[in-house]
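Q: Hi! Could you walk me through this structure?
A: Happy to, let's have a look together.

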Amino acid sequence: MESYLFPFDSLICMLLGISFTVWFTLLLVFIIVPAIFGVSFGIRRLYMKSLIKLFEWATLRMERGAKEKNQHLYKPYSNGIIAKEPLSLEQEIQDMRRGGAEPEFDMSDIFYFCRRGVESIVDDEVTKRFTAEELESWNLLTRSNYNFHHISTQLTALWGVGVLIRYGFLLPLRVTLAFTGVGLLVVLTSIVGLFPNGRMKSYLSDKVHLMCYRICVRALTAIITYHDRENKPKNGGICVANHTSPIDVIILASDGCYAMVGQVHGGLIGVIQRAMVKACPHIWFERSEVKDRHLVAKRLSDHVADKSKLPILIFPEGTCINNTSVMMFKKGSFEIGCTVYPVAIKYDPRFGDAFWNSSKFGMVNYLLHMMSSWAIVCSVWYLPPMSRMEGEDAVQFANRVKAAIARKGGLADLLWDGGLKRGKVKEVFKEEQQKLYSKVLVGSSEDCSRS
Amino acid sequence: MGSTSSTLLKIPNVEVLMQETGFSPAHMIRLHDRFKALDKEGRGHLCPQDFGAIKELAMNPIGDRIIGAFFCPGKETVDFHTFVKILAHFRPVDKNRPKEPNSPEPINSRSNKLRFAFQLYDQDKDGKISRDELLKVLQAMLGMQVTEEQLESIADRTIQEADLDRDDAISFEEFRKSLEKVNIDHKMSIRFLR
């Protein structure tokens, strides 16, 4: 019996050894070395083009399948289910008084508020933004299959193959790369930290950071298109971008060097943070310091004043939005008074939804989702720098920057606060409505008393 | 994309519901999706907090009253049927509907729309809007923007104009009469797409 096992044993060991060597060599040649030098073979773009063709074919098959069964295909609406009246409160109330009577309170005034209330029950702007975007076609991922039912056996087989490829090949590959990337980051930044401060250290630190982020980009199979790179942020400025997921950081930092801002964490992230700060100055806050706005503002302005330090990277929305709109920017970073470099990031949802719904999924779950999608495809636009104008306060400046980012990225520009994801609507909004209504009534009764 | 019929089957008693409310299959699917989106915990019914989570509704001065209109007295949850039936009040009036003498009045008739608005005023459901109830609505809609005296004078004047039988309260008939000239269909309807 034993004599049978031995030759197989050594054969298996040999095979395993060879496959590991081949695996790592391929990894090194095709992924790690290009990452170090910042070049690309174009493999990922080829992959993306073939995936698009595949999705189109899958969609056609579903349409054909539906026609065969003589049923109508149901296309999800991304624009809402009702047509909302664009008239304002004043116009509506005056409309109701067409009889020519003085605009004083009438029992029918309640209709306006009632209708608006029910309209918002059926369809409201804000809830839409915090759930993942609906797709027009299926991308062979079960998790984006909330509406799709017409799946023939051919498609199911294709989906099965897709699962095998994604979980059996892509996922282990990506996890290996991720570990390599993060490991190298920690080790190399600590080594660079041993150098004395000076030009050599900054140069090395830049190279090390870029290389590790590029490996992480490949770990996610992220295919990024950068536009307008002449507007890239320079030292002594702040870079602001819209926020969809924690991956935004990796995407931006693999094309330029930034100083990160964030809270000190424990665990693995804490280790990474401590290592990074040895190589070049990042801004990490203790949990207690985060509450003190003056302290935060002071540290940011000190950093910005030092022209040898890297531009700061900030996400003013404060939370992850689902990449169909840009929500209100918190004004803190706009009060500092330096040049702001806006950046717009738009993900292509066909390949993998990068939005992190932190109330539904934890970080590890999210990363697993990311690494088992087909790819992350996104576009980054660097907008020309903006500064605060005369007579503009921080909030207006923030809104101006927000509008520019929304326009460039093709996202809807909303007034709503990203904090609405979790918190309650401030009483102030209700008062606004009351003020508007009272102006219509009381304002007009003043006119009456004068006549 | 998916076929309409397979999604419709997931909704219990959908045929009856469509007949009672007059919504089309496409509307039912969209409303069902919306119901599920509001029902974040997936319990199959909605409670007041789910409505309260809609930010635009929370900022509406009479938001609480509208939410209250969905819940029958004593019940703490709203299932999909009730949800759709209440929303049916806001369908535009069917101008071409044949007048069958024995069929029940459709949910979105002018009269039923008025009744819905009436119950927003009449919170204790005694069939009359008392001076107090009117004051409460005025307070909700105007908040701190006007003085107590102004509110009271508005309430007094409104009751004076509408109260025909001089019982110091507005009944449904008086309510209806005072709103004779208002285009209820336009003001209390929501244009559902498709």
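**Chain A, then chain B**

A: Let's begin with the secondary structure of chain A: 14 helices and 11 strands. Keep in mind that this is a predicted model.

Q: Thanks! How much of chain A counts as buried?
A: The buried share is 46% of the 451 residues of chain A.

Q: Which share of the contacts in chain A joins residues at least 24 apart?
A: That comes to 77%, counted among contacts between residues at least 6 apart in sequence.

Q: Switching to confidence: what ipTM does the predictor give the complex?
A: The ipTM is 0.88, and the pTM is 0.61.

Q: What is the mean pLDDT of chain B?
A: For chain B the mean is 82, with 92% of its residues at 70 or more.

Q: Which elements of chain B have the lowest and the highest mean pLDDT?
A: Strand E1 of chain B (residues 2-3) has the lowest, at 44. Helix H7 of chain B (residues 80-87) has the highest, at 89.

Q: Where does UniProt put the EF-hand annotation in chain B?
A: An unreviewed UniProt entry annotates "domain: EF-hand" over residues 109-144 and 150-185 of chain B.

Q: Nice. What do those spans look like in the model?
A: Residues 109-144 of chain B are 67% helix and 8% strand, with the end C-alpha atoms 36 Å apart. For residues 150-185 of chain B, the model has 61% helix and 8% strand, and the end C-alpha atoms lie 31 Å apart.

Conventions: Residues numbered from 1 in each chain as written. Chains lettered and ligands numbered in written order. Predicted model: local features only at pLDDT ≥ 70, side-chain atom pairs only at ≥ 80, totals over all residues. Heavy atoms only, no water. pLDDT = per-residue confidence, 0-100. Helix = DSSP H or I, 4+ residues; strand = E, 2+ residues; numbered from the N terminus. UniProt positions renumbered as here; feature names shortened; annotations may be inferred. Buried < 20%, exposed > 50% of the residue type's maximum accessible area, 1.4 Å probe, protein only. Contact = heavy atoms within 4.5 Å.
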